Amino acid sequence: MAQQAYMTETAEGGSGPERQRDRFRRLLGRLVSGWRGDRRIWRRGLVLTALAVLVALVMLLHAQIPNAIGNLGSLIETFLPWLGLFVPVLLLCGVLRRSATALIAVLLPAVVWLNLFGGLLSDKSATGGDLTVATHNVNADNPDPSGTARDVAASGADVVALEELTASAVPVYEKALASTYKYHAVEGTVGLWSKDPLTGVKPVDIKLGWTRAMRATVAAPDGQVAVYVAHLPSVRVKMEAGFTARQRDKSADALGEAIADEKLPRKILLGDLNGTMNDRALNAVTSQMRSTQGAAGSGFGFSWPASFPMARIDQIMVQGVEPVSSWTLPETGSDHLPVAARVNLATSS
């Protein structure tokens with residue numbers, strides 16, 4: 001009798017996982033039964049359907065959105081990946097609204113987003129490589145420049161680019177990095193530290209009137225490589241003017257011309273470009289160079305703002321060099337995250 005009672009209780013109550021499955025089936029059954037026979041499921045949710053189509057079109061045709069009014073196109077392209085957040089929101093609203101039309105329409109932005117960014121979700125990093133590079137906008141108001149320098153040096157990078165250097169902070173960075181990097185050069189507000197010799201150091205004119213870009217040849221063991229460091233002008237979002245980026249765009253064109261005129265076949269660009277790879281305003285640069293994050297990273301690699309990264313505006317790009325891996329480094333005293341990459345010079349042409 002005791003055994004029979006135990007078996008009866010188990011059959012009625014079920015184990016934990018079985019009860020959960022039963023509850024899910026009942027919930028799903030109630031949901032389906034609420035839709036079954038409801039002819040309005042195809043007529044409800046037309047606003048949600050229109051929103052889903054609109055989000056899909058914005059992502060699909062973002063390059064056609066004009067910059068004539070407040071640089072709207074560039075603004076959307078800067079935060080383009082975040083439009084994917086509309087997909088689960090619209091999906092939930094479609095379920096709550098019990099609209100079959102809306103649920104089908106949500107597939108459009110979902111497919112477009114996956115086509116644009118799905119490749120970034122996988123880990124493309126590999127092992128190997130013969131040169132590690134890093135770049136960091138250290139922030140002119142950094143309260144701990146010495147600590148920031150030590151953090152970046154601890155990444156193991158062979159070459160480090162720093163942007164937004166102030167005259168008073170340069171000696172601090174030089175002292176903190178001296179034991180790790182034998183060679184360094186500073187031009188204006190940007191600098192380059194290297195374990196290998198630097199030659200051909202010179203400023204790069206990006207049409208600002210002061211120096212925020214430089215170029216140097218790094219004599220790495222596996223071959224010479226031209227390294228560019230750049231800090232393009234900041235952009236602002238203003239209610240009366242929109243996305244103000246005219247000076248940034250002009251400087252990007254000048255930087256692209258300088259890189260195109262480079263005689264060495266191996267080129268690496270390190271810096272804060274104040275723009276993403278999706279931003280058409282950086283086409284002069286992005287059309288001729290590859291992003292290490294896109295080619296060999298894992299995820300989006302957002303770098304700004306450091307407290308809650310929403311965009312990758314700190315870039316490592318290469319030409320004639322093979323990216324092996326790319327990643328972001330831990331937060332320092334700056335409002336940007338440092339970014340790093342491992343590349344292969346020996347197998348590049």
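**Note on the open sheet and the nonpolar cores**

1. Glu 163 has Val 190 of β4 as its bridge partner, and this pair belongs to the antiparallel pairing of β2 (residues 159-163) with β4 (residues 190-194), which runs over five bridges. Strands here are DSSP runs of E of at least two residues, and helices are runs of H or I of at least four, numbered from the N terminus; two strands pair if DSSP finds at least two bridges between them.

2. The model is predicted, so local features need pLDDT of at least 70 and side-chain atom pairs count only at pLDDT 80 or more, while totals for chains, interfaces and linings use all residues. Residues are numbered from 1 along each chain as its sequence is written, and side-chain values use heavy atoms, with hydrogens and water left out.

3. An open sheet of mixed pairing is formed by six strands in the order β3-β4-β2-β1-β14-β13. Because β3 (183-187) and β13 (322-328) stand at the edges with a single partner strand each, one side of each is left without a neighbour in the sheet.

4. The largest nonpolar core has 24 residues, among them Leu 131, Val 133 and Leu 192, which belong to the group touching the most other members. Such a core is a set of buried Ala, Val, Leu, Ile, Met, Phe, Trp, Tyr and Cys residues joined through side-chain atoms within 4.5 Å, buried meaning under 20% relative accessible area (1.4 Å probe, protein chains only). To this core β6 gives the most, with four residues.

5. A second, separate core of 19 residues includes Val 204, Ala 226, Tyr 228 and Ile 259.

Note on methods. Buried < 20%, exposed > 50% of the residue type's maximum accessible area, 1.4 Å probe, protein only.
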